[in-house]
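Visitor: Before we go through the labels, please show me the model they are attached to.

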Amino acid sequence: METSEIHFDGYEKVMRCRDERSGLHALIAVHDTTLGPSLGGMRMLPYAGEDEALFDVLRLARGMTYKSAVAETGLGGGKSVIIGDPATMKTPALFRAMGRFVESFGGRYITAEDMNIGIPDLEIVRQETRWVTGLSRESGSSGNPSPYTAIGCVHGMRAVLEECFGEPVFRGRRIVIQGVGAVGGRLAVLLKEQGAHVIICDIDEKKVEQLSRQHGFESSPDATHLGVPCDVYAPCARGATLNDETIPKLSCRAVAGCANNQLLELRHADLLRERGILYAPDYVINAGGIINVSVELLPGGYDEAYSLERIARIYGNLKQVFQIAHEEQISTREAAARLAEQRLAVGRAEKRKAKV
């Protein structure tokens, strides 16, 4: 197994790993550990090449720093990606090699589930390193974080509806969900239970058909879903889907979804604001999963009731972001970043004080 460091300004440590025997080609990025060790999920995707994977892991790691700072998890930001097709390349040898790669960070990076990575995969990773969260309840861990990400998004959407319509009520509201995997599919069910009219779409048409039959959701072709009139548009799949091409097509009052890094560029938050579309910053509204796994690391171990109490605070965090945006006449993206930086600054000051 060969590892090498890639230097990027503003990041504490970025490493690549190549393991010829298992076929592993992976990256781990640690963005900031001011508030604690970096925690962020592991994802596996058939990236076009290392440059695309590097772009993804850097954005994700930075987003995790801000996510944990706003959510006050006591953790920093990091992320890992495996370059490869999850349908054909998953093997025990590959995940054991990935475990050794995670272990090489000595606890500075802690991993969890993300796209195309499940508990069985992480259990193999765990054979080589203890720095794994989100394993099965039977093992004393917190389980799959996806349902908690969806729960947190529901709390955040209440703040969004209150901001847009004056009351945090789902009944009768039209919500389009793009991406109905582990998180988006669960979100759709929770929103329907709250009385929302849910329209779903996904590049995987079979997944849409199955959920529609099971729960009675309306569906839309993925190719044309951006033009479906709705109150809230919820992107819940890959990032960078809010851009110059897609934003003009939106027919919604707000964007509030579970996907990470929804904005292709920071300026796209300003474009949403110009169009009168309220944007719920992704790392604020989708923090439920990271909050849940962070509770594993507290003295005494995992406590679901305490986790759900912490996840419910996403509503208040978004209200605070909207207030900052109003008071300072800035985008909600910039408001969220300022809130995160304020909390990071407090952490840096406390570290300096402790050294004196």
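Guide: A cavity is a set of grid points where a 1.4 Å probe fits but cannot get out, and its lining residues have an atom within 4 Å of a point. The model shown here is predicted.

Visitor: Which residues line the largest cavity?

Guide: The lining of the largest cavity is made of Arg 59, Leu 60, Gly 63, Met 64, Lys 67, Asn 260, Asn 261, Asp 282 and Tyr 283. The largest share, five residues, comes from H1.

Visitor: What is the volume of the largest cavity, and how many cavities of 30 Å³ or more are counted?

Guide: The volume is about 40 Å³. The count is one cavity of 30 Å³ or more.

Visitor: How do the residues of the lining divide into nonpolar, polar and charged?

Guide: They divide into three nonpolar, three polar and three charged. Gly counts as polar and Tyr as nonpolar under the scheme used.

Visitor: Why is Ser 220 called buried?

Guide: Buried means under 20% relative accessible area. Ser 220 has 11% relative accessibility, so Ser 220 counts as buried. Ser 220 lies in the loop between strand E10 (218–219) and strand E11 (232–235). Leaving aside neighbours within four places in sequence, Ser 220 is in contact with Ile 199, Ile 200, Cys 201, His 225 and Val 228.

Visitor: Why is Tyr 315 called partly exposed?

Guide: The class between buried, under 20%, and exposed, over 50%, is partly exposed. Tyr 315 has a relative accessible area of 29%, and therefore Tyr 315 is partly exposed. Tyr 315 is placed in helix H11 (residues 314–328).

Visitor: Which residues is Tyr 315 in contact with, leaving aside its neighbours within four places in sequence?

Guide: Those contacts of Tyr 315 are His 155, Arg 158, Ala 159 and Glu 162. Contact here means heavy atoms within 4.5 Å. As for Ser 80, 235 residues apart from Tyr 315 along the chain, the C-alpha atoms of the two are separated by 28 Å.

Visitor: What makes helix H9 (residues 288–295) mostly covered?

Guide: Eight of the eight residues of H9 are buried. They are Gly 288, Gly 289, Ile 290, Ile 291, Asn 292, Val 293, Ser 294 and Val 295.

Visitor: What covers the buried residues of H9?

Guide: The cover includes strand E4 (38–39), H1, helix H4 (146–165), helix H10 (304–311) and H11. Of these, H1 also gives five residues to the lining of the largest cavity, and H11 holds Tyr 315.

Technical notes: Residues are numbered from 1 along each chain as its sequence is written. This is a predicted model: local features need pLDDT of at least 70, side-chain atom pairs count only at pLDDT 80 or more; totals for chains, interfaces and linings use all residues. Side-chain values use heavy atoms; hydrogens and water are left out. On a 1 Å grid over the protein atoms alone, a cavity is a set of points where a 1.4 Å probe fits but cannot get out, and a pocket is an open set with protein on both sides within 12 Å along at least five of seven lines; lining residues have an atom within 4 Å of a point. Grid points are joined across faces, edges and corners, and a volume is the space filled by probe spheres set on the points. Helices (H or I, at least four residues) and strands (E, at least two) are DSSP runs, numbered from the N terminus. Buried means under 20% relative accessible area, exposed over 50%, partly exposed in between (1.4 Å probe, protein chains only).
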